[in-house]
Amino acid sequence: MIQSLEIPDPFATFVAHKYANFKGMKYDFFSGEWDMACGACKEPLNAPTKKILTKIRLYHTRNECLGGY
Ligand SMILES: [Zn+2]
């Protein structure tokens with residue numbers, strides 16, 4: 001971190017790294033669900049856990065907007 005001009009907020013950096021693999025997924029504190037928009041058609045998807053959301057997203061992209069791609 002010596003090279004960087006701006007000192008990153010350690011917590012923000014931690015969160016960014018932690019969720020780097022969950023593109024577009026956001027935890028909705030109000031509904032207690034994970035939300036994201038489909039990368040292809042922007043349809044909103046949500047699920048109670050990241051694992052289920054991933055399954056829903058894969059099902060959605062394979063069967064709905066990308067038609068088996
Ligand atoms: Zn879609």
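**Reading the model**

Guide: Let's begin with contacts: two residues are in contact if their C-beta atoms, placed from the backbone, lie within 7 Å. In this protein, residues 24 or more positions apart account for 16% of the contacts with a separation of 6 or more.

Visitor: What kind of model is this, and how are the residues numbered?

Guide: This is a predicted model, so local features need pLDDT of at least 70 and side-chain atom pairs count only at pLDDT 80 or more, while totals for chains, interfaces and linings use all residues. Residues are numbered from 1 along each chain as its sequence is written.

Visitor: What is the mean pLDDT of the protein?

Guide: First, pLDDT is the predictor's confidence in each residue, from 0 to 100. Here the mean is 78, and 70% of the residues reach 70 or more. Where pLDDT is low, the predicted coordinates should not be read in detail.

Visitor: How many helices and strands are there?

Guide: Helices (H or I, at least four residues) and strands (E, at least two) are DSSP runs, numbered from the N terminus. This protein has 2 helices and 3 strands, running α-β-β-β-α from the N terminus on.

Visitor: In what order do the strands sit in the sheet?

Guide: Strands of a sheet pair through backbone hydrogen bonds, either parallel or antiparallel. We call two strands paired if DSSP finds at least two bridges between them. Here the open sheet of 3 strands has the order S1-S2-S3, with antiparallel pairing. S1 (26-28) and S3 stand at the edges with a single partner strand each, so one side of each has no neighbour in the sheet. S2 (residues 33-37) and S3 pair over 4 bridges, and Ala 37 stands opposite Pro 44 in S3.

Visitor: Which strands does helix H2 touch?

Guide: Helix H2 (residues 50-65) packs on the sheet, touching S2 and S3. Its direction makes about 145° with that of S3; axes are lines fitted to C-alpha atoms, for helices over the stretch in contact, and angles run from 0 to 180 degrees between N-to-C directions.

Visitor: Why does Glu 33 count as partly exposed?

Guide: A residue is buried if 20 or more other C-beta atoms lie within 10 Å of its own, exposed if 12 or fewer, and partly exposed in between, with C-beta atoms placed from the backbone. Glu 33 has 16 C-beta neighbours inside 10 Å, so it counts as partly exposed.
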